[in-house]
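Hi everyone, thanks for making time for this one. I'd like to walk you through a structure, starting with its pockets and then moving on to its helices. Here it is on the screen.

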Amino acid sequence: MSIVINLDVMMAKRKIGLMELADKMGITPANLSILKNNKAKAVRFATLERICEILDCQPGDILEFRK
């Protein structure tokens, strides 16, 4: 089982870069990069909520389950 984070896809659709999104979220680009590159072991709901607010999307646009 694997949860894949498609943050890079949503960022491209919304035409927003890593630095800009990190700045709007109030987190470091390094921490956002970990999430974007599927290296994160967990995601806080508050973080997911903030991403969805900024990118105007749903959690299902960001997270995907793959067998």
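Let's begin with the largest pocket, which has a volume of about 190 Å³. Lining residues have an atom within 4 Å of a point. Grid points are joined across faces, edges and corners, and the volume is the space filled by probe spheres set on the points.

Before going further, a word on what we are looking at: this is a predicted model, where local features need pLDDT of at least 70 and side-chain atom pairs count only at pLDDT 80 or more, while totals for chains, interfaces and linings use all residues. Residues are numbered from 1 along each chain as its sequence is written, and side-chain values use heavy atoms, with hydrogens and water left out.

So who lines that largest pocket? The lining consists of Ile 3, Ile 5, Asn 38, Lys 39, Ala 40, Lys 41, Ala 42, Val 43, Arg 44, Phe 45, Leu 48 and Leu 63. Two elements, β1 (2-5) and α4, each give two or more residues to this lining. Helices here are DSSP runs of H or I with at least four residues, strands are runs of E with at least two, and both are numbered from the N terminus.

Now to α4 itself. Its buried residues include Leu 48, Ile 51, Cys 52 and Leu 55, where buried means under 20% relative accessible area, exposed means over 50%, and partly exposed is in between, using a 1.4 Å probe and protein chains only. These four sit on the same side of α4, because they cover an arc of only 95° around the axis; the arc is that of the directions from the helix axis to the C-beta atoms. As a reminder, an α-helix has 3.6 residues a turn, so residues three or four places apart point the same way. The buried residues of α4 pack against α1, α2, α3, α5 and β2 (63-66), with contact meaning heavy atoms within 4.5 Å.

What about the cysteines? The structure holds 0 disulfides, a disulfide being a pair of cysteine sulfur atoms within 2.5 Å. Cys 52 is in no disulfide, and its nearest cysteine sulfur, that of Cys 57, is 4.0 Å away. Cys 52 has a relative accessible area of 10%, and Cys 57 counts as buried too, at 9%.

Next, α2. Leu 21, Ala 22 and Met 25 are its buried residues, and they lie on the same side of α2, since their arc around the axis is only 100°. They pack against α1, α3 and α4. The face turned away carries the exposed residues Met 19 and Asp 23. Lys 24, also in α2, is partly exposed at 42%. Leaving out residues up to four places away in sequence, Lys 24 touches Ile 16, Arg 50 and Ile 54.

Last, some backbone angles. Most residues other than glycine have a negative phi. Lys 15, in the loop between α1 (7-14) and α2 (18-25), has a positive phi near 55° and is exposed at 74% relative accessibility. Asp 56 sits in the loop between α4 (45-55) and α5 (59-62), with a positive phi near 50° and a relative accessible area of 63%. Just after α2, Gly 26 takes a positive phi of about 80°.

That's my tour, and I'm happy to take questions.

Note on methods
On a 1 Å grid over the protein atoms alone, a cavity is a set of points where a 1.4 Å probe fits but cannot get out, and a pocket is an open set with protein on both sides within 12 Å along at least five of seven lines; lining residues have an atom within 4 Å of a point.
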